[in-house]
Amino acid sequence: MTSPQAVSNEYDARIRRAEKLVAEKSSASELLSFYKRIASFQKSFLAHISEAALQQPDTPPLASVREALDLTLLLPQFRTFLSLVEQNAPNALAKAAREIAALPSDSWIALLRSYWELGGLFDQQIGAFGQFFPRAFLQPYTAYVAGRTAVPPVLATPRVCPLCGGRPLFGVLRLEGDGGKRCMVCSFCGYEWEFRRILCPTCGEEEEKKLPVYVAEQFPHVRMEPCDTCRFFVRTIDLTKDGHAVPVVDDLAAIPLTLWAHELGYSRLQPNLLGT
Ligand SMILES: [Zn+2]
Ligand SMILES: [Zn+2]
């Protein structure tokens with residue numbers, strides 16, 4: 001389980017990393033500046049959620065992530081979130097925020113509920129653009145709930161998140177012993193679970209020659225790991241190469257690698273928050 005304080009520290013790290021990459025003139029600077037505002041909102045929203053939870057002490061751990069969606073607590077913040085997007089997002093997203101803000105709250109509830117049920121599972125049905133709003137808004141809550149959920153025993157290497165069934169967003173490689181240990185990070189609740197180095201999380205391919213690894217000069221700490229069997233790719237943020245990287249942010253900054261993969265005919269199973 002992860003404490004709200006740890007999640008809050010993670011948001012601080014994301015904000016600082018986005019600032020640093022913008023200062024270094026990352027090719028994704030515009031999106032990262034926008035992302036920084038989202039992460040700041042998420043951090044204060046998390047504080048709000050944790051504070052409300054303190055009023056109800058002694059609640060037992062949850063059995064599953066998706067069982068809890070307390071909209072009475074969340075909904076009042078949705079308008080604030082929509083205004084933030086309207087004022088800071090690139091044009092198309094700002095326009096969508098304006099349109100959603102004009103809808104009745106029933107539509108907001110339907111949007112948030114459908115993402116809560118399907119997020120990370122069947123996102124193709126919602127589309128990367130459509131899921132931006134519920135996903136960015138609910139992220140602090142999913143992370144908070146995941147932190148309160150008991151981790152079930154894991155026997156093999158699960159290809160979906162052991163807590164919520166969500167698909168992996170990206171991999172992370174951390175130094176361990178003489179090599180690196182790979183984990184997958186859930187696209188819905190952010191939970192991280194250990195994952196074999198030579199295994200496709202999409203189709204289960206295990207043959208090394210079907211699973212090439214590419215590293216571009218521009219991003220020495222980002223491994224592109226496509227699968228020649230299913231034609232999906234994962235990228236893995238290699239913290240053994242750059243210990244200052246913050247996976248969520250460095251994944252957003254690696255837009256050129258997504259374009260490169262698309263040119264080669266590989267797709268991303270689970271796009272990141274900004275749809276790349
Ligand atoms: Zn999950
Ligand atoms: Zn595969």
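So, the zinc ion, ligand 1: with angles of 96 to 118° among its 4 donor atoms, the site is tetrahedral (four donors, all angles between 85 and 135 degrees). This is a predicted model, where local features need pLDDT of at least 70, side-chain atom pairs count only at pLDDT 80 or more, and totals for chains, interfaces and linings use all residues. Residues are numbered from 1 along each chain as its sequence is written, chains are lettered from A and ligands numbered from 1 in the order written, and side-chain values use heavy atoms, with hydrogens and water left out.

Who holds the zinc ion? The SG atoms of Cys161, Cys164, Cys186 and Cys189, at 2.3 to 2.4 Å; donors are N, O and S atoms within 2.8 Å of the metal, or 3.2 Å for Na, K and Ca. The spacing in sequence reads C-x2-C-x21-C-x2-C. Cys164 sits in the loop between helix H7 (128-147) and strand E1 (168-176), and Cys186 in strand E2 (residues 179-186), so this pair ties together parts 22 residues apart in sequence. Helices here are DSSP runs of H or I, at least four residues, and strands are E runs of at least two. Cys164 and Cys186 are both buried, meaning under 20% relative accessible area with a 1.4 Å probe, protein chains only.

Definitions and conventions: Tetrahedral: all angles 85-135°; square planar, octahedral: opposite > 155°, others 65-115°. Buried < 20%, exposed > 50% of the residue type's maximum accessible area, 1.4 Å probe, protein only.
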